[in-house]
Each structure stands twice: as structure tokens, then as C-alpha cells.
Amino acid sequence: MSWIGGIILLCFFLSGASGLIYEVVWLRMLVLVFGSTTLAVSTVLTAFMGGLALGSLWFGRVVDRWRRPLYTYGILEGCIGLYGLLVPVLFPLLVPLYQLLWDLFHPSFYLFNLFRFLLAMVVLIIPTTLMGATLPVLASYYAGRKEHSERRIGLLYAFNTAGAVLGTFATGFVLLPILGVQKTTWVAATLNLLLGLTVMGISWRKSHLIGPSMMRTDRDPSYKGFEKTESSFAAMAFKGQQGEGAPGVTAISLALVAFAFSGFTALVYEVAWTRVLSLILGSSIY
């Protein structure tokens, strides 16, 4: 693996760490808003997983049209960092809205929490969608290179997840106790901004390493649209399904439904375990 590939993996590792720093910090903030660990955890996880799904879905469809995926990834990281700095400012601005809703409608406990959930989602869905876009963008870069792209995308996901583990542990046991909420947020945002600048610098200096499929435009007579590009991210994802014994549309649909239920049960466990452990450890952060 080239030094460029090593730097990209390190960047995605740190990106995973910063993402989970935000998650733990936002959980801490929303526990104070909701007054309930379970409601706060449910809100943060819904925003995170919903944003990751939206980012992956939308950017996964359009990323093959872009010629410079590394540069795009750098922009995404920078935007995440800038928005991460805004979240601690935006949450307090929601408090007057909560009070107004209560004064005007006197909603029930569950309806009032639904209002608060929706308002918090509006704030969090933007940065989490940007986070969800990072994997398909980097995957598109490797798809264009045709060099063990599947293995490298697996490494991307592994490094990102490992960074998330480190970020979660460090935030709960080190950063928040020592630095507090505001400075911990600055740490995560600084990471994102530095990652963005680093990757954009690599993209500018090493533009010849961007995959050939990313450099084509609709003026190129050989270009037939990103849907048909053999090295595109979408084509690579379903590579080899056209041979004998390949699963049909029905089998693929059932597998996706099963995968969705698997994600559903995993998040049910996470909320339930958080509730149980908060009774034992005495802190939702731990």
C-alpha cells in the first residue's frame, strides 16, 4: 500500500473517532434537555443512523459523477467540523421553542417529547448525513483505481470503526472529565478541519492518482454515464452478480430486508443496554 493509502486510512480512523466524540457529547447535552437517558440515547442514535443512511444513499447515487472524490471527502470533513462547532450553540436556541410549544399546546408528556425529538433531529441530521457520505465518497476513489478496491473498502470500514471505538472510550473516560463538553467539541471539530485540509492537500498534489473513471466528463465520447461505468462505485458493489448461480432480485431484496431487521435489533439492544448500564454505573456517559 502506498503512503497515500496509509494516510487516507489514518484520516478515516480519526474521522471515526471524531464522529463518536460528537455522539457522546451530544448525548450528554440531550440528557440535560430531555432529563431522561433513554429518550436522549434514542434521539442521538436515530439522528446518527438516519443521517448515516441518508448520506450513504444519496451520495452513493451521485458520487460517481464527481471527478475528484478525495477533494470532495476533504470538503465533507471540513463541513462536519464547522457544523460540529455550531451544535452547542444551536441546542440552547431550541429551549425557547420548547417553552413556546408547552405554553401554547400544553401537550402530553409523550407528545412534548416528540416535539423535542423532532427539533433535535433537525439540528443533528445535517452533520450526520455528511458523516454518512464519507464512506461512499472514499469507496468511489478506490473503485476508480481498480487495485484491490474491495479489500481496501473493507479496510476503510474497519479503520473507521476502530476509530469510533477509540473516540467513544476516550470521550467518556478521558476528554469529558478533563476538558468538559465545550472543549471536547473543539477537539472533534479540530480533527475534522485538519483532516479536511490534509486530504484536500493530497488531492491537489496527487491529482494524477484519481481514478480514470472520475476524470471523465460528458464531453468524453467514451463516457456513457456513471451508471454504466465499469469501475464505478455502484458497479463494483454488485460486481460478479451476473454469473451463473448469482442471486436474483427477490433474493437480494430479502437479504436487504433481513439486514434492515438486523440493524433494528442491534439498536434496540444498544438503547436497552444503555438503560441497564446507567442503573449500574450511575452515568449515561460511562
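I began with Cys11, which counts as buried at 6% relative accessibility. Buried here means under 20% relative accessible area, exposed means over 50%, and partly exposed lies in between (1.4 Å probe, protein chains only). Cys79 is partly exposed, with a relative accessible area of 34%.

This is a predicted model, in which local features need pLDDT of at least 70 and side-chain atom pairs count only at pLDDT 80 or more, while totals for chains, interfaces and linings use all residues. Residues are numbered from 1 along each chain as its sequence is written, and side-chain values use heavy atoms, with hydrogens and water left out.

**Disulfides.** I searched the whole structure for disulfides, and the count is 0. A disulfide is taken as a pair of cysteine sulfur atoms within 2.5 Å.

**Aromatic rings.** I then looked up aromatic pairs and noted 10 in the structure. Rings of Phe, Tyr and Trp (its six-membered ring) pair if their centres lie within 6.5 Å; planes under 30 degrees apart count as stacked, over 60 as edge-to-face and the rest as tilted. The pair of Tyr22 and Trp26 is stacked, because the ring centres are 5.3 Å apart and the planes are at 20°. Both residues belong to helix 1 (residues 3-34), where a spacing of 4 residues puts about one helical turn between Tyr22 and Trp26. Helices are DSSP runs of H or I with at least four residues, strands are runs of E with at least two, and both are numbered from the N terminus.

I checked burial next. Tyr22 is buried at 1% relative accessibility, and Trp26 is buried at 0%. Trp26 also pairs with Phe48: the centres are 5.8 Å apart and the planes at 50°, so this pair is tilted. Because Trp26 lies in helix 1 and Phe48 in helix 2 (residues 37-62), the pair ties together parts that are 22 residues apart in sequence. Phe48 counts as buried too, at 5% relative accessibility. I recorded Tyr22, Trp26 and Phe48 as one aromatic cluster.

**Arg68.** Which rings does the charged end of Arg68 sit over? I found Arg68 over the face of Tyr71, 4.7 Å from the ring centre, and over the ring of Trp204, 4.2 Å from its centre. A charge sits over a ring if NZ of Lys or CZ of Arg is within 6 Å of the ring centre and within 35 degrees of the ring normal.

**Helix 7.** I compared spans last. The 33 residues of helix 7 (residues 249-281) should span 48 Å at 1.5 Å a residue, and the end C-alpha atoms are 47 Å apart, which agrees. The expected span is 1.5 Å times one less than the number of residues. Just after helix 7, Gly282 takes a positive phi of about 80°.
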